[in-house]
Amino acid sequence: MAPRTLYEKIWDEHVVREEPGQPSLIYIDRHLVHEGTSPQAFAGLKAAGRRVRRPELTFAVMDHSVSTKNRLLPVADPDAAAQFEALARNCQEAQINLFDMHSRNQGIVHVIGPELGITLPGATIVCGDSHTSTHGALGALAFGIGTSEVEHVLATQCLTQFKSKTLQIDVQGKRPRGVTAKDMILAIIGKIGIGGGNGHVAEYTGEAVRGLSMEGRMTMCNMSIEGGARAGMVAPDDTTFAYVEGKPFAPQARDFQEAVEFWKSLASDPGARYERAVVLKAEELAPMVTWGTNPGMVTQVTGRVPHPSSFSDPVDRKAAENALAYMALEPGTPIEDIPVDRVFIGSCTNSRIEDIRAAAKMVAGRHVAKSLKQALVVPGSRAVKTKAEEEGLDKIFRDAGFEWRDAGCSMCIAMNDDVLLPSERSASTSNRNFEGRQGKGSRTHLVSPTMAAAAAIEEHFVGIRNWSSVDGAE
Amino acid sequence: MQPFTRHTGLVAPIDRVNVDTDQMVPKQFLKLLTREGYGRILFYDWRYLPGEQPNPDFVLNKPRYKDTSIFVARANFGCGSSREHAPWAILDFGVRAILAPSYADIFYNNCFKNGILPVTLPDTEIDELFKRTEANEGYRLTVDLEQQVVTDDRGLRYSFSINTFRRDCLLKGLDDIGLSLVHEAEITAYEKKHLRVPSLHGTLDLKYHLE
């Protein structure tokens with residue numbers, strides 16, 4: 001057999017039916033469901049008199065609209081309450097596992113999947129959410145789908161899919177001090193553009209990727225979609241196996257050992273061909289900050305807001321002009337001179353224990369700037385929250401003037417009451433800086449957790465590489 | 001799903017690159033439980049001033065684009081969130097076809113599930129369509145899926161390619177869940193064959209206490 005990539009191996013393993021020129025029918029191992037994009041799918045299923053084919057492979061959680069304050073109070077927003085009720089009813093009727101807002105396993109769908117061992121190497125995983133690409137960090141094929149496809153998976157446990165092209169993103173060498181997985185993926189998106197990965201599945205390779213923890217790999221794969229790639233993947237290795245071992249839904253004991261043997265066979269074969277390849281040198285990377293209204297509008301913290309005239313394509317030039325007008329930024333402004341109003345540490349991109357630890361290390365013994373309106377830490381799951389509290393991190397944040405919240409999507413999408421007011425500017429560890437993303441008229445700058453923590457202390461972006469609390473090179 | 005065969009209608013220019021689905025349907029409207037009624041919401045923050053007063057500067061609020069049913073758009077249209085609310089809103093607004101140089105993958109897929117035809121044309125042809133749309137009030141195009149051509153009444157004729165399977169589904173308005181369920185025996189056979197991989201296909205150990 002010709003050498004195959006990780007993507008091709010998982011694809012081949014899951015083909016139920018294929019015909020030339022037609023999309024294949026592929027089997028879905030895990031279907032994750034949340035309150036935001038599922039009610040219409042369940043309604044459609046019911047209207048057509050169909051049933052959920054494999055409820056035991058379907059997992060539901062409340063995350064997008066949940067309050068991160070006191071969950072014991074009644075849900076204040078009647079629309080959100082209706083969503084929660086619909087999800088609870090749909091899951092009960094179909095016998096689907098639901099982690100409701102009171103469950104100790106509750107959290108952002110892309111945080112709890114890996115954390116509970118629902119996400120496994122070699123699996124096909126879908127969810128009505130574009131950041132499903134996160135799960136590819138474990139060597140799974142995972143991608144976001146629309147609500148019609150959610151209904152399709154509920155009914156058939158399969159999807160009709162065209163095979164994607166493959167894109168290798170090779171990050172060579174060791175990453176320098178202060179450069180995190182978030183900076184790596186922001187640099188990649190800056191390089192390929194936000195549509196650069198359209199039609200492709202990305203596989204991240206290279207020493208700098210191998211050197212990342214599972215949390216770091218999840219951060220990278222999470223933002224694959226921001227570069228247009230529907231899925232991002234990292235071949236499973238010992239880091240992956242050590243992470244998966246002992247997780248509640250993962251295979252145990254001898255089953256686990258057998259599974260590891262199979263998972264080891266998934267890595268791309270030597271000589272496997274990718275349709276496209278992009279190379280980055282880790283030593284050239286630095287902490288990144290977005291200046292515009294999409295994640296590809298990004299530069300190094302030591303850089304300046306670009307001048308629209310520096311873009312040769314007239315369409316890009318106009319986009320930069322619009323972005324700077326929306327962001328109220330002057331071309332040529334040093335990034336470090338940009339002040340922030342609120343800081344958000346959270347989201348499916350950067351809310352795992354390692355992210356929380358890195359931010360805590362930055363703020364320990366310091367205090368947020370007096371002029372800052374708010375600094376929020378929203379753990380990605382209740383398990384992350386509990387772990388952080390066991391380590392005393394909540395106290396570090398509270399002492400430093402941060403609010404320590406309950407788990408959910410929160411200010412990344414601002415569907416609950418964690419929002420920016422019009423024209424407020426944030427340093428945010430989330431994934432999208434689109435117009436209005438964090439509230440109508442909000443201005444978002446995407447950064448890593450260490451950069452966000454430093455911005456909270458200094459009230460503007462700072463080159464953190466001289467801070468003693470910044471992790472060294474890996 | 002309503003079939004798409006051939007559509008003639010008024011064209012409006014959405015002259016921005018990388019229009020994301022957050023702009024099409026902002027998050028405050030993602031809490032509705034239905035697929036209907038999103039037309040009023042389409043491009044909400046661009047379209048309305050406070051108090052839901054129409055913003056006169058926004059293209060779709062100009063009287064000449066009042067009965068728009070075709071968008072001409074820029075590259076990477078529909079990027080970002082997977083929310084199918086975006087095509088629901090476009091359809092409910094009255095748009096049946098979109099012409100752009102490229103689309104984000106999930107949005108592209110979602111269009112086909114809702115009877116919207118996203119036509120891909122080269123940049124130069126899209127530029128020409130922008131020019132004609134802006135220069136001629138009441139500019140109309142015909143998008144013919146059977147013939148795979150876009151035409152106007154001034155001699156413009158652009159052919160486009162599209163996957164045959166997607167084309168057939170749209171022409172016939174097929175329910176693709178129904179199509180897949182035709183192969184239920186094969187799905188069952190796949191499940192039986194793969195039960196040997198207990199980590200993925202077996203019954204999960206639900207003894208793990210879920211609360």
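User: What is the mean pLDDT of chain B, and what share of its residues reach 70 or more?

Analyst: The mean pLDDT of chain B is 93, and 92% of its residues reach 70 or more. Keep in mind that this is a predicted model.

User: Where in chain B is the pLDDT below 50?

Analyst: Over residues 201-211 of chain B. Beyond near neighbours in sequence, that stretch has 13 contacts in the model.

User: And the complex? What ipTM and pTM does the predictor give?

Analyst: An ipTM of 0.96 and a pTM of 0.96.

User: OK, chain B itself. How many helices and strands?

Analyst: Chain B has 9 helices and 9 strands. Its C-alpha trace spans about 65 × 45 × 25 Å along the principal axes.

User: How much of chain B is buried?

Analyst: Of its 211 residues, 42% count as buried. As for contacts in chain B between residues at least 6 apart in sequence, 69% of them join residues at least 24 apart.

User: What happens just after H5(A)?

Analyst: A:Gln157 takes a positive phi of about 60° there.

User: How do H2(A) and H5(A) cross?

Analyst: Helix H2 of chain A covers residues 39-47. Its axis and that of H5(A) come within 8 Å and cross at roughly 50°. The two helices are therefore oblique to each other. H2(A) passes H5(A) in a right-handed crossing.

User: Which residues meet?

Analyst: From H2(A), A:Gln40, A:Ala41, A:Gly44 and A:Leu45. From H5(A), A:Thr147, A:Val150, A:Glu151, A:Leu154 and A:Ala155. That contact divides into 5 nonpolar, 3 polar and 1 charged.

User: Why would residues three or four places apart point the same way?

Analyst: An α-helix has 3.6 residues a turn, so residues at that spacing point the same way.

User: And H6(A) with H8(A)? At what angle do they pack?

Analyst: At about 25°, with their axes 8 Å apart. H6 is residues 181-192 of chain A, and H8 is residues 214-222 of chain A. That angle makes H6(A) roughly parallel to H8(A). H6(A) passes H8(A) in a right-handed crossing.

User: Which residues make the contact?

Analyst: H6(A) brings A:Ala181, A:Lys182, A:Met184 and A:Ile185. H8(A) brings A:Gly216, A:Arg217, A:Thr219 and A:Met220. By class, that contact has 4 nonpolar, 2 polar and 2 charged residues.

User: Last one, A:Lys69. Where is its place?

Analyst: In the loop between strand S4 (58-61) and helix H3 (78-94) of chain A. A:Lys69 counts as partly exposed because it has 14 C-beta neighbours inside 10 Å.

User: What does A:Lys69 touch?

Analyst: A:Arg405 and A:Asp406, not counting residues up to four places away in sequence. The C-alpha atoms of A:Lys69 and A:Leu376 are separated by 11 Å, although these residues are 307 apart along the chain.

Conventions
Residues numbered from 1 in each chain as written. Chains lettered and ligands numbered in written order. Predicted model: local features only at pLDDT ≥ 70, side-chain atom pairs only at ≥ 80, totals over all residues. Axes fitted to C-alpha atoms, helices over the stretch in contact; angles between N-to-C directions. Helix = DSSP H or I, 4+ residues; strand = E, 2+ residues; numbered from the N terminus. Parallel < 35°, antiparallel > 145°, perpendicular 65-115°, else oblique. Left-handed = near helix turned anticlockwise from the far one by under 90°. Contact = placed C-beta atoms within 7 Å. Nonpolar A, V, L, I, M, F, W, Y, C, P; charged D, E, K, R; others polar. pLDDT = per-residue confidence, 0-100. Buried ≥ 20, exposed ≤ 12 C-beta atoms within 10 Å, placed from the backbone.
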